[in-house]
Amino acid sequence: MSKSAFLPVTPAVDFSAVEAEVLDFWNKERIFEKSLAATAGGRPFVFYDGPPFATGLPHYGHLLAGTIKDIVPRFRTMRGNYVARRFGWDCHGLPVENEMEKEFKVSGKRD
């Protein structure tokens, strides 16, 4: 019988505790800041990110956009690009304008 190279793993995993450990490690070791420093001399990659819920409460439709806004900058960083994360830059204003027109009971440029 051959000896396994792997240690036994418990099927009862506390994912919340694992995530807390990972976040604690990232915070203590300043991993995010190190990732930015490691690519500081790289070719810039700009990915405009907008406000998460400019027109109301979050819903399932935000999942895809949020996933893309997380994955693309990570991928470009791993490829050596410098990606400065600045939250909220892609809001073109129209959804917010529409909400303000409703709130202030105005309509169009003349109002």
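This is a short walk through one predicted chain, from its overall make-up down to a few residues.

Hi everyone, and thanks for coming. Some ground rules before the tour. Because this is a predicted model, local features need pLDDT of at least 70 and side-chain atom pairs count only at pLDDT 80 or more, while totals for chains, interfaces and linings use all residues. Residues are numbered from 1 along each chain as its sequence is written, and side-chain values use heavy atoms, with hydrogens and water left out.

Let's start with confidence. pLDDT is the predictor's confidence in each residue, on a scale from 0 to 100. The chain has a mean pLDDT of 83, with 83% of its residues at 70 or more.

Now the layout. The chain holds 4 helices and 0 strands, in the order α-α-α-α from the N terminus.

How much of the chain is buried? Of the 111 residues, 7% are. Buried means under 20% relative accessible area, exposed means over 50%, and partly exposed is in between, with a 1.4 Å probe and protein chains only. As for contacts, meaning heavy atoms within 4.5 Å, take those between residues at least 6 apart in sequence: 72% of them join residues at least 24 apart.

On to the helices themselves. H1 covers residues 15-29, and its 15 residues reach 21 Å from first C-alpha to last, close to the 21 Å expected at 1.5 Å a residue. The expected span is 1.5 Å times one less than the number of residues. H3 has 17 residues and reaches 25 Å between its end C-alphas, close to an expected 24 Å.

Most residues other than glycine have a negative phi. Arg30 has its positive value although it is not a glycine. Arg30 lies in the loop between H1 and H2 and is partly exposed, with a relative accessible area of 49%. Lys105 is another residue other than glycine with a positive phi, near 55°. Lys105 sits in the segment after H4 and is exposed, at 74% relative accessible area.

Next, a helix pair. Two packed helices are described by the angle and the distance between their axes. The axes of H1 and H2 (residues 31-38) come within 6 Å and cross at roughly 55°. Phe25, Trp26 and Glu29 of H1 make the contact with Ile31, Phe32 and Lys34 of H2. The axes are lines fitted to C-alpha atoms, for helices over the stretch in contact, and angles run from 0 to 180 degrees between N-to-C directions. Under 35 degrees counts as roughly parallel, over 145 as roughly antiparallel, 65 to 115 as roughly perpendicular and the rest as oblique, so H1 and H2 are oblique to each other.

Where is Asn81? Asn81 is in the loop between H3 (62-78) and H4 (94-104). At 7% relative accessibility, Asn81 counts as buried. The side chain of Asn81 reaches the backbone oxygen of Arg43 at 3.0 Å and makes a polar contact of 2.8 Å with the side chain of Arg76. A polar contact is a pair of N or O atoms within 3.5 Å; within protein, one must be able to donate a hydrogen and the other to accept it, and residues adjacent in sequence count only if both atoms are side-chain atoms. Leaving aside neighbours within four places in sequence, Asn81 is in contact with Thr39, Arg43, Pro44, Phe45 and Arg76.

Thr77 lies in H3 and counts as buried, at 13% relative accessibility. With neighbours within four places set aside, Thr77 is in contact with Ser35, Thr39, Val83 and Arg85.

Last stop, the end of the chain. Ser107 lies in the segment after H4 and is exposed at 54% relative accessibility. Ser107 and Glu97 are 10 residues apart in sequence and 9.9 Å apart, C-alpha to C-alpha.

Note on methods
Helices (H or I, at least four residues) and strands (E, at least two) are DSSP runs, numbered from the N terminus.
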